[in-house]
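Look at the structure below before reading on.

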Amino acid sequence: MENLSVWETVDMPEFSAARGNIKTDVLIIGGGIAGLLTAYELQKSGVSCIVAERKRICSGTTGRTTAKLTFQHGLIYQKILREYGAEKAKMYLEANQNALKRFAELCQKIDCGFQKTDSYIYSRTDRGLLENEVKALVRIGFSANVCEVTELPFPTVGAVRFKNQAVFNPLKFLRGIVSEMSDNVRIFEHTHIIEISGTTALSKRARIIADKIVITTHFPFINTHGSYFLKLYQSRSDVIALKNAPELHGIYMDENTFGYSFRNCGDFLLIGGEAHKTGEPCRRQELQDFAKSSYPDAEVQYLWSAQDCISLDGIPYIGNYSALTPNMYTATGFNKWGLTSSMAAAEILRDKILGRNNPCAEVFSPSRNILKKQLLINGLSAAKNLLTPTVPRCPHLGCALKWNIDERSWDCPCHGSRFARDGKLLDNPANVDLDKP
């Protein structure tokens, strides 16, 4: 239904489905980058793990990233400094700095196109925002500067530059990670976990008994704990890969959520953008029009969509699923920065499971204060769609689905579940297919 991304040409290893009664120390539900890295870090410490993936590993958001490895996550540092103070802003910075460093270490022995480059957050209208970000960074001990940008296809008022960030091929990297895992990790594909009782998980053919469970299914699917259906919403955006476009000397992202990102990938220029809440009209044509007008001699080689979970305050939720679940954990709400966030999550979750102190964990706690403006917006949006008298309804919490004419899918505007025309589940938090689409 959707075109393949430029990464999805990589041949990934295949695994069988789980069957029968199985025991393990830790069950990780979700075989994307967050789940696989968590398993990798745990097995290095001698912990027995199972990774259970509903489809194929890396077949979801992981395979549809633009693959920028950076701890420059928009203009996040001034926001954290303002809302939570310098200590937590520094925690966020250090967690993601450590994540990038860990990627660099691992990529030394994996052929995945890892390449250092500078990263830029640009603005087309407000230089003051950029200068405020630099001031926030200086306050927490990081040196950055506002510079001029000339190689983008439109004028800007400058950009905040972070040196020595990176790009890579995420599926080649994860293929290498999977091949390096010891016998302490068992991976099962086509294993759809449909029920969890305590720390026992059931699929149609297997019963997996674990001491602890980690849920890395992009959007957490258990509604009885954590209130993630209020704390998250999902955003879709599109990526286009152009051949015969100019080579850019860095990776670029707009400070405006609805702007464009740019990075080169071999012979291609990747442009991402036109973000919109899942369930709202697709803006793919606008991206194609922008690419054609900006680079008229370029040819479209790939075009795909990605879906991201957005948290209330721009910080991921990493840690115990809720205060009432001491043996269940999650990592979600990566806000379009899923690569370094996934590595940070793997290290935080490893330490929590092993009973170690992680100095950066506090800022990511899923149990932190959620009284934010976005909470009210999420709640009102859900209420509106719950009261909409149409069918079909989303099996997650009953919201009215909307037909996406561009991607030919049924999309939930409340929480972002998506279904194929025949009712097959595409994106969670729904955990079953539609009965009658």
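Asparagine 404 stands opposite serine 409 in strand 19. Strands here are DSSP runs of E with at least two residues, numbered from the N terminus. The model is predicted: local features need pLDDT of at least 70, side-chain atom pairs count only at pLDDT 80 or more, and totals for chains, interfaces and linings use all residues. Residues are numbered from 1 along each chain as its sequence is written, and side-chain values use heavy atoms, with hydrogens and water left out.

**The sheet**
- Strand 18 and strand 19 (residues 409-411) are antiparallel and pair over 3 bridges; two strands pair if DSSP finds at least two bridges between them.
- Both belong to an open sheet of 4 strands in the order 18-19-20-21, with antiparallel pairing.
- Strand 18 (402-404) and strand 21 (425-427) are the edge strands, and each pairs on one side only.

**The second largest pocket**
- A pocket is an open set of points on a 1 Å grid over the protein atoms alone, with protein on both sides within 12 Å along at least five of seven lines; lining residues have an atom within 4 Å of a point.
- The second largest pocket is lined by 23 residues, and the closest to its centre are Glu8, Lys55, Ser59, Gly60 and Arg64.
- Strand 21 and strand 15 (299-311) each supply at least two residues of this lining.
- Strand 15 gives the largest share, 3 residues.

Note on methods. On a 1 Å grid over the protein atoms alone, a cavity is a set of points where a 1.4 Å probe fits but cannot get out, and a pocket is an open set with protein on both sides within 12 Å along at least five of seven lines; lining residues have an atom within 4 Å of a point.
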